[in-house]
Amino acid sequence: MPRFPFRAALAAALLVAPAARAQAPAAPEGARTRHVVVISIDGLRPDALEAAGARNLLRFRREGAWAPRARTILPSLTLPSHTSMLTGVGPEVHGILWNDDQTGRTGPVGVPTVFDLAGARGLATAGFFGKPKFRHLIRPGSPRWRLAPRGGDIWQAVRIVEEVEQHLRWRRPNLLFVHLADPDVAGHVFGWMSPRYRAAVRRSDAAVGRIVRAAGRALGDDVVFIVTADHGGVGRRHGADVPEQVRIPWIAWGEGVARGEVEGEVVTYDTAATALWLLGVAIPEDWAGKPVRGAFEAAVGGR
């Protein structure tokens with residue numbers, strides 16, 4: 001697999017604090033990596049990377065593979081979009097069309113998530129979520145290690161990152177998902193692309209840098225990072241079928257990632273399929289999501 005500057009660059013509600021450092025289970029035969037870290041930055045528009053001066057993300061885009069035609073599903077809302085991101089199917093299949101915490105009435109999503117499928121193969125999974133409504137994505141025992149607020153609380157990126165760093169001191173997840181809420185919160189209060197929104201993007205960018213460093217210390221260089229988002233925004237709103245709200249960043253960076261643009265369209269449910277494919281876990285035949293293989297070919301091309 002091709003090697004780029006990645007190797008040189010890597011130098012509450014949590015269930016249990018283990019007493020000894022755990023080793024990650026071996027990935028199945030055919031896996032391209034032993035660890036996948038998916039980071040979703042809520043409300044991040046692709047054009048905000050340059051506008052905000054997101055140094056880490058711009059660097060990962062230069063050194064890795066990125067999809068200029070990545071988009072989310074409709075409605076372009078946080079909970080439906082993240083459900084597709086982590087289940088590999090559209091809202092017409094997973095059934096979550098609302099955008100608030102209704103777990104007390106409806107319970108968790110009724111279709112398997114990437115955490116279920118990876119866990120069924122004996123892989124270690126962990127999820128860190130900044131909003132209470134993400135509890136819809138926590139199914140019984142899956143992910144095994146998880147953190148999410150309750151009530152009306154929304155956790156800032158700094159708290160999420162501190163929890164992730166603590167987790168990685170003791171655990172070696174094969175599949176780690178991290179949600180950073182800051183840009184979405186700023187967008188709704190101050191407006192997308194406003195100075196406060198751009199500051200939130202920079203905070204999230206710094207958080208991504210900390211996650212990458214912590215993962216490097218814990219997981220070594222056998223890891224692939226995927227950084228993406230659930231939606232963009234215009235003014236103080238999102239949810240409509242307009243480019244500023246539907247287009248999302250999609251960047252792969254790490255060992256074995258090719259450098260350059262990925263041809264063709266990438267949809268948010270392709271993130272789930274890509275994570276399983278990298279870990280050597282079979283992708284359900286009825287999934288809409290497909291692996292973004294072009295991001296991992298020597299010459300980046302179609303999917």
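Just after helix α12, Gly280 takes a positive phi of about 75 degrees. Start there, and keep in mind that this is a predicted model. Helix α12 itself spans residues 270-279. The helix is mostly covered, with ten of its ten residues buried. Among them are Asp270, Thr271, Trp277 and Leu279.

Is His35 buried or exposed? Its relative accessible area is 4%. Buried means under 20%, so His35 is buried.

His35 sits in strand β1. This strand covers residues 35-41 and runs parallel to strand β7, with six bridges joining the two.

Now turn to β7. On its other pairing, five bridges join β7 to strand β8, residues 250-254. These two strands run antiparallel. Here Ile226 has Ala252 in β8 as its bridge partner.

How many residues of β7 are buried? The strand runs over residues 223-228, and six of the six are buried, so β7 is largely enclosed by the rest of the structure. Both faces are covered. Val223, Phe225 and Val227 lie on one side. Val224, Ile226 and Thr228 lie on the other.

Next comes the largest nonpolar core. It holds 87 residues. Ile39, Leu44, Leu57, Leu180, Val208 and Trp250 touch the most other members. Which helix gives the largest share of this core? That is α10, residues 195-219, with eleven residues.

Residues up to four places away are not counted here. Leu44 touches Leu49, Leu57, Tyr197, Val201, Ala229, His231, Ile248 and Pro249.

Helix α10 deserves a tour of its own. Begin with helix α3, residues 55-63. The two helices pack at an angle of about 60 degrees, and their axes are 7 Å apart. That angle makes α3 oblique to α10. Arg55, Asn56, Leu57 and Phe60 in α3 meet Asp205, Ala206, Val208, Gly209 and Val212 in α10. By class, this contact has five nonpolar, two polar and two charged residues.

Helix α9, residues 182-190, packs against α10 at an angle of about 175 degrees, with the axes 8 Å apart. Angles over 145 degrees count as roughly antiparallel, so α9 is roughly antiparallel to α10. From α9, the residues in contact are Asp182, Pro183, Ala186, Gly187 and Phe190. They meet Arg196, Tyr197, Ala200, Val201, Arg203 and Ser204 in α10. The contact of α9 with α10 has six nonpolar, two polar and three charged residues.

The tour ends at helix α8, residues 157-170. Its axis and that of α10 come within 9 Å and cross at roughly 0 degrees. That makes α8 roughly parallel to α10. On the α8 side, Ala157, Val158, Val161, Glu162, Glu165 and Leu168 make the contact. On the α10 side, the residues are Ala207, Arg210, Ile211, Ala214, Ala215 and Ala218. By class, there are nine nonpolar, no polar and three charged residues in the contact of α8 with α10.

Key
Residues numbered from 1 in each chain as written. Predicted model: local features only at pLDDT ≥ 70, side-chain atom pairs only at ≥ 80, totals over all residues. Heavy atoms only, no water. Core = buried A, V, L, I, M, F, W, Y, C linked by side-chain atoms within 4.5 Å. Buried < 20%, exposed > 50% of the residue type's maximum accessible area, 1.4 Å probe, protein only. Helix = DSSP H or I, 4+ residues; strand = E, 2+ residues; numbered from the N terminus. Contact = heavy atoms within 4.5 Å. Pairing = 2+ DSSP bridges. Axes fitted to C-alpha atoms, helices over the stretch in contact; angles between N-to-C directions. Parallel < 35°, antiparallel > 145°, perpendicular 65-115°, else oblique. Nonpolar A, V, L, I, M, F, W, Y, C, P; charged D, E, K, R; others polar.
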